[in-house]
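Let's take a walk through a protein structure together, one part at a time. Have the sequence and the 3D view ready, and follow along.

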Amino acid sequence: MSNIITTACAELGYAETGDNDTKFGKWYGMNNQPWCAMFVSWVYHKVGLSASVAASTKKGFASCDAGLKWFAKKGKLVPVGQAQEGDIVFFQFDTDAQPDHVGIVVKNNVKRQRLVCIEGNTSPDNKGSQSNGGEVAEKKRPYATVMAVARP
């Protein structure tokens, strides 16, 4: 297991203390904001790879849209079927043109067309908000929800 995945998995079960109050937002300097992108940036920072996700600041990105645009501009997007451990995946849960959520790929089950990911600010089940659920959780997401995959 890569350092990225080990670091992300160590945060499983971490929950915000209300109103998006997290150690990830405090670290990034934007506490009390949706924090899925700050979680991804924090993980990459912890393993010494901040420069590979520095879409908005030297720490990384706090906006899914800014992150996706930066990776696309740098030619870092790969087809979802080629997603691999440590890649960054952007999700689309509604019908607008903006990414709604971001996580880190743990495993790609090509046969079942599903990604296993570690995500910040999601719900541990399918009942709560998938893009602002308040917890770090492992999720299994169908390819249909994937907007893009980036390989930093």
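Predicted model: local features only at pLDDT ≥ 70, side-chain atom pairs only at ≥ 80, totals over all residues.

**Starting from the sheet**

Let's begin with S4 and S5, two strands that run antiparallel and are joined by seven bridges. Strands here are DSSP runs of E with at least two residues, helices are runs of H or I with at least four residues, and both are numbered from the N terminus. Two strands pair if DSSP finds at least two bridges between them. Residues are numbered from 1 along each chain as its sequence is written, and side-chain values use heavy atoms, with hydrogens and water left out.

Six strands make up an open sheet in the order S1-S6-S2-S3-S4-S5, with antiparallel pairing. S1 and strand S5 (135-142) are at the edges and have a single partner strand each, so one side of each is left without a neighbour in the sheet. As background, strands of a sheet pair through backbone hydrogen bonds, either parallel or antiparallel.

Helices pack on this sheet too. H3 touches S2, S3, S4 and S5, and its direction makes about 60 degrees with that of S3. H4, for its part, lies across S1, S2, S3 and S6, running at about 125 degrees to S2. Contact means heavy atoms within 4.5 Å, and the angles, which run from 0 to 180 degrees, are taken between N-to-C directions of lines fitted to C-alpha atoms, for helices over the stretch in contact.

So what sits in the largest nonpolar core? It has 33 residues, and those with the most contacts inside it are Phe39, Phe61, Ile88, Phe90 and Val102. Several elements supply at least two residues each, including helix H1 (3-9), helix H4 (64-73), strand S2 (88-91) and strand S3 (101-109). The largest share, eight residues, comes from H3. A nonpolar core is a set of buried Ala, Val, Leu, Ile, Met, Phe, Trp, Tyr and Cys residues joined through side-chain atoms within 4.5 Å. Buried means under 20% relative accessible area, exposed over 50%, and partly exposed in between (1.4 Å probe, protein chains only).

Zoom in on Val102: not counting residues up to four places away in sequence, its contacts include Val40, Phe61, Ile88 and Phe90. There is also a second, separate core of ten residues, with Phe91, Leu115, Val146 and Val149 among them.

Next come the charges. By the rule that a Lys or Arg side-chain nitrogen lies within 4 Å of a carboxyl oxygen of Asp or Glu, the count comes to five salt bridges. One of them joins Lys23 and Glu11, with the closest N and O atoms 2.8 Å apart. Lys23 lies in helix H2 and Glu11 in the loop between H1 and H2, so this pair ties together parts that are twelve residues apart in sequence. Lys23 is partly exposed at 34% relative accessibility, whereas Glu11 is buried at 11%.

Asp87 and Arg151 meet in another salt bridge, at 2.9 Å from N to O. Here Asp87 lies in the loop between strand S1 (77-78) and S2 and Arg151 in the segment after S6, so the parts tied together are 64 residues apart in sequence. Asp87 is buried, with a relative accessible area of 2%, and Arg151 is partly exposed, with 27%.

Last, the rings. The whole structure holds eleven aromatic pairs. Rings of Phe, Tyr and Trp (its six-membered ring) pair if their centres lie within 6.5 Å; planes under 30 degrees apart count as stacked, over 60 as edge-to-face and the rest as tilted. Tyr14 and Trp35 have ring centres 6.3 Å apart and planes at 85 degrees, so they are edge-to-face. Trp35 is buried, at 0% relative accessible area, while Tyr14 is partly exposed, at 21%. Ring pairs also link Tyr14, Phe24, Trp35, Phe39 and Trp42 into a cluster.
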